Structures are given as C-alpha cells and as structure tokens.
Amino acid sequence: MPWKAKDSVAVVTGASSGIGKCLTQLLADNGCHVIAVARRAERICQWSASHDHTKFGGVTPLAGDITDKDVRLAVRSMIETHHAGKLDLLVNNAGIGGIGKFADATPDRLRQIMEVNFFAPVELTRNLLPALHRGSSPVICNISSVLGHRAVPDKSEYCASKFAMHGWSDSLRAELASAGIQVTLVSPSTTKSEFFDSLIQTDPNQSSSSLGHWSPQRVADRAYRAIRKRRSEVILSWGGKTLVYADRLAPSLMNAILAQRSDKQRSDKQRSDKQRSDKQHPDKPTDASNPDNH
Ligand SMILES: NC(=O)c1ccc[n+]([C@@H]2O[C@H](COP(=O)([O-])OP(=O)(O)OC[C@H]3O[C@@H](n4cnc5c(N)ncnc54)[C@H](OP(=O)(O)O)[C@@H]3O)[C@@H](O)[C@H]2O)c1
C-alpha cells in the first residue's frame, strides 16, 4: 500500500535548512503533521509561521541536538502525548561533514561525524520503533549519500558514516519487512544547501569537486516520491548513478582514478598554500634566492 501524507504523523530531523526543511514543507503541504527537529528551532518557527496554513498539516518544532539522549526521548514523549503513540514516517536527515585528509584530522572529527550521521539516527530509530509499529504503512527514510555507495578521498569520516547508514538500513529493512515497516535509503549527490558552510575541522580554502549540483527542493521532491512509493533505495542524479555503477562494474579502474585525483588535489593545494603564503609575506626569500638552500 502506498504511503499517504494526509493525516499522517512524521518526524524529520535536520528540518531547519536544506533538504530537511524542503521535505518538512512538502509533507505539511500534503496534510502531514511533522515534528521538525533541529538545534536552530527558531528557524523552523520563522518559516512555518510565514507558510500558507490553509492546506497545512502542521509543523511542531522541537529544539535540540539529536546526539543528546534526552532530546531523542523528548521526540518519543511528544508522539506519545500528542499523537497517541503512533508514527507513520521517520526521516533521518540531519547530517554534518568534514573535508580533508584522514592523516591530518584529529580523532574528534571522526567521532563527531559518526555521532550525528550514524549513532544518533540509529538510537532515535530504536526509540521510535514501537510508535512506528502502530503507524499506517510506516516508512523509515534514511537520507544517506552516493558516498555511502562509493567512498572518495578527503571525506573518509563522512563516507564511513554513510556506509554505516547504508549497511544498517539494509539489515533493518529485512528485519522489519514482516512487520510492514519499509526502510527507504535515499542517496543524493552534491546538493546546494548550507551543508558546506558548516563543515567541521575543514580548511576554509578546501573545496569539494563534484559532478553537478541539485537544489534541496529537487532532492526533497525525489525523497518524497520514494517515500510515497515505499521504495527500498534511490540513487539521485546522473553523476551519482555514474559514480556508483562505474564502481560496481570496474572497481580497480575507479580506485586508480580516485588515487590520481587525490594526488592532483594534494599538489593543487600545496601550490595554492604557497601562493597565499607568498602574498602574505612578499619579502620572504624564495627557495632559489634563499642562501640556506645552497
Ligand atoms: N549537501 C550535500 O551535498 C549532500 C549530499 C548528499 C547527502 N547529503 C545529506 O543530506 C542531509 C541533509 O543535508 P543538507 O544538504 O540539507 O545540509 P544542511 O542544509 O546543512 O542541513 C543539515 C541539517 O542537519 C541539522 N543538524 C546538524 N547537526 C545536528 C544535530 N547534532 N542535531 C540536530 N540537527 C542537526 C541542521 O540543523 P541545526 O544546525 O539547526 O541543528 C540542519 O537542519 C545530510 O544527512 C547530508 O549528509 C547532503
């Protein structure tokens, strides 16, 4: 049976911006009541107040950090108190990233990314499973990434978190199939959101190269379609599909291409670091004129 937004109850994490905000609006516009979770809940209040309420299902902001156990329990309490303990859709969307070589990062970058992108959604799901069992055609939608299918250099921690989410989603889908709960894994490619403004432990001059960009609205539209059709998995964008399927067909070739790209990025970065340093210290002797080098 397809999933229906009208009169349903959903939880969306990371609803203050980007994909989560667009998906929350889409669900509410179609008559769903959404518990919208994010640390910056005032943003959710702002946009939900200015939204067209005539066909609105309703949005209840819940302020908090999903890595905090009490916040996850507060989501469960809200469902128990206001929605008779019944949940029809959980969207695990909140996520963070960081760019840079693994060898240059502290253990904290890995820890933070895994906490937000993997442990928090897993534990939130654990808390909400009883409510999902009471839902109608329930769906758990996990917003992953094409980097959860093929890892690339300079994003090792992020790729690890999305691979973990991919593996966990596949196991959970099989475990919950007989209970009628679907697990939908949505894997977007690069999306023009605030994601790249909040990268952790990342050199501000570091850039992320990718094949094309989608808008958060376009990603949310496709995620919404996948939820309604109760799909198991969708990989978005031609660039993303090319990366994933090329890797499945020729993994050794893909390894060689990515190793070459990593080397090129390293030498480009060294060149731009040197140019910046030369600009900041124009009087510093160059290698050729430095007597210490001879
Ligand atoms: N952008 C891309 O290129 C891209 C590509 C593939 C997959 N994705 C995935 O898509 C998802 C959404 O990303 P986006 O592009 O929409 O980025 P975004 O605009 O930065 O949105 C991220 C959302 O996550 C929330 N968030 C972050 N840490 C949180 C925490 N500890 N507790 C609660 N909420 C938290 C943020 O809200 P607060 O800061 O207010 O808490 C924000 O609403 C992520 O899982 C990301 O990995 C993104």
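Which of the 29 residues around the ligand come nearest? In this predicted model, where local features need pLDDT of at least 70, side-chain atom pairs count only at pLDDT 80 or more, and totals for chains, interfaces and linings use all residues, the residues that come nearest are Gly14, Gly18, Arg39, Arg40 and Gly95, a residue being near a molecule if its C-beta atom, placed from the backbone, lies within 6 Å of it. Residues are numbered from 1 along each chain as its sequence is written. The shell around the ligand has 11 nonpolar, 14 polar and 4 charged residues, where Ala, Val, Leu, Ile, Met, Phe, Trp, Tyr, Cys and Pro count as nonpolar, Asp, Glu, Lys and Arg as charged, and the others, Gly among them, as polar. Helix α1 gives the largest share of this shell, 3 residues.

The chain comprises 8 helices and 7 strands, both taken as DSSP runs numbered from the N terminus (helices H or I, at least four residues; strands E, at least two).

Helix α1 (residues 18–29) packs with helix α6 (residues 216–228) at an angle of about 55 degrees, their axes lying 8 Å apart; axes are lines fitted to C-alpha atoms, for helices over the stretch in contact, and angles run from 0 to 180 degrees between N-to-C directions. The two helices α1 and α6 are therefore oblique to each other, given that angles under 35 degrees count as roughly parallel, over 145 as roughly antiparallel, 65 to 115 as roughly perpendicular and the rest as oblique.
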